Amino acid sequence: MFYIADITACMILDSAGGRTLSVSVTSSDGVVGRAGVPHGTSCGSAEAPDVTAGSAVAQVHTHFRAALVKTDYADHASFDVRLRGIAAEASEEIGVSALLAVSVAAAECAATTRDQELWRYLAES
């Protein structure tokens, strides 16, 4: 088990040149997990809200970083429940790209910390 030392986000360009989100999660022992997520275009009634890449970067720093830095990362299922709780308590609608990028970057960080491939870590957690 480790704790999250830092979470950072920035805009990157996707393959079509569109702006999207990249998140890095750094563990207490200096391991970094990164995830870039595409900008979604789904518009179904059950879809999570879509926000601009700039708004997603701000949401990661404002909501997720503030709530998760210096907290223990026990297992991924519990971490995702906590992410959804943070999003539900936010005063604004949290974009799905921010939620997904933080989740995948944390999973990558945890897998690397445990010296596992990401797929194996997710299959076992």
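Colleague: Over how many bridges do strand β2 (residues 19-27) and β3 pair in the antiparallel sense?

Modeller: The model is predicted, local features need pLDDT of at least 70, side-chain atom pairs count only at pLDDT 80 or more, and totals for chains, interfaces and linings use all residues. Residues are numbered from 1 along each chain as its sequence is written, and side-chain values use heavy atoms, with hydrogens and water left out. Strands are DSSP runs (E, at least two residues; helices are H or I, at least four), numbered from the N terminus, and two of them pair if DSSP finds at least two bridges between them. For β2 and β3, the number of bridges is six.

Colleague: Which residue in the turn of this hairpin has a positive phi?

Modeller: Four residues separate β2 from β3 in the hairpin. The one with a positive phi, of about 90°, is Gly30.

Colleague: What is the relative accessible area of Thr20?

Modeller: Thr20 lies in β2. Beyond its neighbours within four places in sequence, Thr20 has contacts (heavy atoms within 4.5 Å) with residues including Ile12, Val37 and Ala53. Thr20 is buried, and its relative accessible area is 5%.

Conventions: Buried means under 20% relative accessible area, exposed over 50%, partly exposed in between (1.4 Å probe, protein chains only).
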